[in-house]
Structures are given as C-alpha cells and as structure tokens.
Amino acid sequence: MQSILISLACLLLCVVSPAYSASSGEFGHTEVNTTSSCDGFSHQKTLLDSDLTMCWNVTEDGMLDIKAYHPGEVWIGLGFGKNMSNADAIIGYLTRGEVADSHMTGRFSSSITKDEHQNIHDASIVSENGVTVMVFKRPIVTSDPTDAVLNLDQDTDFLWAVGDGRRFNFHSEFGVQQLHFGDGSQAERRLSILIVMHAALMVLAWGIMSPVIITVTRYFKVTPGQNFPVKLDNKFWWITHWIGHSISIALSAVALILSMFALNGIDTSTLHAKLGFVVLGMSMLQATSGFKRGTKGGPVDDDGYPIPRSRWYGDHYNMTIYRRMFEWVHKTSGYIILIASHFTIYSGFFLFSLGAWAYLLLFGIELMMVVSYVLFSLQRRWIDTYHAIWGFSRRHPGNRFSRTPYREDK
C-alpha cells in the first residue's frame, strides 16, 4: 500500500509541476532540449544587436528544424518577410505554453492572426534555468498561401521580436536582417534603393517644402522692401504657393510609383500606407479645389490696369459667402494635410525602424516652423490676402468682413 501511495504522489507531482511547454496539436508533444547551446545543429547565429540565438538544420525530408533561445522568461516571435506588415510568423507565447503558426499584417497584436493550417511540427516553448527556448520544425515549402516559401539558395528576409514572457505585448527587442538558411550566413538587411528614394522624396515634399510654402503663404504676402500699401498685389506668395505645392504633389506621385516598384504593387496593410493614401487623396482634392475659388473681381486686372466699374464684382473682391466658405475650407484643410503628412512620415520611420536621428530631424523642422510663426507674428508680418491685394480702404466691399479695423490708404 505504501509503495502504491508513493507512486501516486510522484505521478501527481509530474502532472502539476510548473513547466511551460507546448506542441502544435496535431503533431503531438516533443521533449525540448532547454540547454543554451546548439549542439546537434548545423548552423548557429546570434542575431544582430540581440541576445537571441538561432540554431537550425535542414533535414532530408525538406524540413527546417529551428531552435531559438534567449535569456530570461520571454515570448519569442520569428518571422519571414520584409516587414511586419506582411510576415509569415512563428510566435511562442510563454504564458500559455503555445507556439503558433501565424500571419501578421501590422505591428499591433490585433494584426496577428493564427493560421488555419498550423504548418509547424514538434513545436514547444519552455523557460528553465534562466533561459527561454523555443523549438519547431517547418516545411520549407507549404501549401498555405500565407506561408513564406523559403529558398535555401538565397538570403531570406528575417524578423524577430522578444518581449516580457508574463504578458504578450510590445516587444522590448526586435530586429530585421537576412539569413541564408542554406549556408548559414547572415547579413544586415538593407533597404531597397527604391524605398530610400521614396522616403527621401516624401520627406522633401512634405517635411521640408510644404512647411516652407505654407510659411511663405501666411507671412510673405507682403515682401520685405515692398512699399506697402502703396504697392499692392505682390504675387510672390501666390506663385510660390501654387507652383510649390504642385511640385510637392508631383514628387509624391513619383515616390508612390517608386514604392509600388519596390513592393511589387500596392500594399495598404500598414498604417503608414493608409495614412499616405489619405494624405495624397486630400492633397489632390485640395489642389482641385483651388480652381473652384470663385472669381476675383476688383478695380484693376492682374496686370494693374483699371477695368470698368461694371466689372468690379467678384467672389473675392465682394467676399461672397461662397468665397468665405472656400477660404475657411481651403486653409483648414491645408493645415490638416500638413499635420497628417508629418504623422505619415513618422509612421514611415517607425515602419522601417529608423534611428532617433530621423525623428529628431523632422521634429527640428517642425520646431523651426513654429519658431518662425512666432517670430513673424511678433513682427506683424501676417497680412490678410484681401488687404495684401486691395489694401485697407473702406471703399473695398470685402473689408467689411475684416477683423482688422478700417483705415484709409495713404
């Protein structure tokens, strides 16, 4: 009887003893070698700028046998793909002892979906002796269209992420590089030159040109040295405004085409892409709306020659309801597009894991814009478009809507 009780106690302890392990269901449970070594594997690499070590074999039956280990109790995510917006991922959840074949469409946990077909074998994750170890086997070629097809004769774009094993959340460590699963070499993944050109053109168009153009439009309707209000209707701001923004939109179109070539089509799976298309769409509407600003009117034509009084009437000169609505919508939309474009640029920096220098560069440009606004406002450089064209006299009908007090021109 005593021996029977001891046997039952041992069995109970084996069942309830704490150990994180998992298998991929249909393939059954496999014991895991939790030692921090790659004994028995042909290739071993510590991933760049990481404490995560990868070991792997290519088996004769066309399987990739992988072991990954990292100090501490962590969750581990490995992915095949250029970025997290479209990656075939294997994720080990330490808390629930599960390794899942998944697909990612973005950077957030909500963008991770577990594949219907779990094409991983003998998958487990454990944490023992201060080290978390994840193992699995995966066919080099699967029938699942969401799974990456691995080519052992060339470099494979490879992603990884590691986070606190007590909860699945944002990763504290991550990276991208290239692994050659055939010969075991590794290299830092470099961005496509087309993507680099895309980023450079977008930063030029929206990070540099647009803030400058908007600043000129707001504060240089009257230029330094202009004998204002004797000399009116200086078109420097107007030419800068429409030519500058036309160039910005053209650069954006070229940048979009470059990204399409780099990605082999249009990819709208990322927040960056979604914001980018919204900004481009709004900018096209903004440009089109400029042709719907109404008639100008006024006592002189664009060359400064007088015109008959019967032809003075115009949406702008008389500040019709249509013109006032146009100005409110056009100006408000312009600032919204500028702000949205900068969020889009920041999301691009985040998507491609650029360093702090990129964020500081764009923030510096934004800070310069704010400082210039304050400086030019203190210098009283802001002059309403109506006043810049026709002056402040009460004889001009649109001045009755001005927030600036009437005064007769000298």
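**Figure 1. Pro229 is located in the loop that runs between α2 and α3 (236–263).** Helices (H or I, at least four residues) and strands (E, at least two) are DSSP runs, numbered from the N terminus. The peptide bond leading from Phe228 into Pro229 is cis, and its omega is near 10°. Most residues other than glycine have a negative phi, and most peptide bonds are trans. The model shown in every view is predicted, with local features requiring a pLDDT of at least 70, side-chain atom pairs counted only at pLDDT 80 or more, and totals for chains, interfaces and linings taken over all residues. Residues are numbered from 1 along each chain as its sequence is written, and side-chain values use heavy atoms, with hydrogens and water left out.

**Figure 2. The whole chain, with its confidence.** The chain contains 7 helices and 12 strands. Its mean pLDDT, the predictor's confidence in each residue on a scale from 0 to 100, is 85, and 89% of the residues score at least 70. Where pLDDT is low, the predicted coordinates should not be read in detail. Of the 410 residues, 46% count as buried, where buried means under 20% relative accessible area, exposed over 50% and partly exposed in between, for a 1.4 Å probe and protein chains only. Of the contacts between residues at least 6 apart in sequence, 59% join residues at least 24 apart.

**Figure 3. Helices α5 (residues 321–351) and α6 (residues 356–378) pack together.** Their axes lie 9 Å apart at an angle of about 160°. Axes are lines fitted to C-alpha atoms, for helices over the stretch in contact, and angles run from 0 to 180 degrees between N-to-C directions. The pair α5 and α6 is therefore roughly antiparallel; angles under 35 degrees count as roughly parallel, over 145 as roughly antiparallel, 65 to 115 as roughly perpendicular and the rest as oblique. The crossing of α5 and α6 is left-handed, a term used if the near helix is turned anticlockwise from the far one by less than a right angle, and right-handed if clockwise. From α5, the contact is made by Tyr335, Leu338, His342, Ile345, Tyr346, Phe349 and Phe350. The α6 side supplies Ala358, Tyr359, Leu362, Phe363, Glu366, Met369 and Tyr373.

**Figure 4. Helix α4 (residues 271–289) packs on α5.** The angle between α4 and α5 is about 155°, and their axes are 9 Å apart. The two helices, α4 and α5, are therefore roughly antiparallel. Their crossing is left-handed.

**Figure 5. Met319 and Pro308 both belong to the loop between α4 and α5.** Met319 is not a glycine, yet its phi is positive, at about 50°. Its relative accessibility is 9%, so Met319 counts as buried. Pro308, at 43% relative accessibility, counts as partly exposed. The C-alpha atoms of Pro308 and Gly298 are 9.6 Å from each other, and the two residues are 10 apart along the chain.

**Figure 6. Arg380 sits in the loop between α6 and α7.** Although Arg380 is not a glycine, its phi is positive, at about 55°. With a relative accessibility of 74%, Arg380 counts as exposed.

**Figure 7. Thr142 lies in the loop between β9 (131–139) and β10 (156–164).** Thr142 is buried, at a relative accessible area of 15%. Its side chain reaches the backbone nitrogen of Asp144 at 3.3 Å. The side chains of Thr142 and Asp147 are joined by a polar contact of 3.0 Å. A polar contact is a pair of N or O atoms within 3.5 Å; within protein, one must be able to donate a hydrogen and the other to accept it, and residues adjacent in sequence count only if both atoms are side-chain atoms. Apart from neighbours within four places in sequence, Thr142 is in contact with Asn119 and Asp147.

**Figure 8. Asn399 is part of the segment after α7 (385–390).** Asn399 has a relative accessible area of 2% and is buried. The backbone oxygen of Ser393 is reached by the side chain of Asn399 at 2.7 Å.

Definitions and conventions. Contact = heavy atoms within 4.5 Å.
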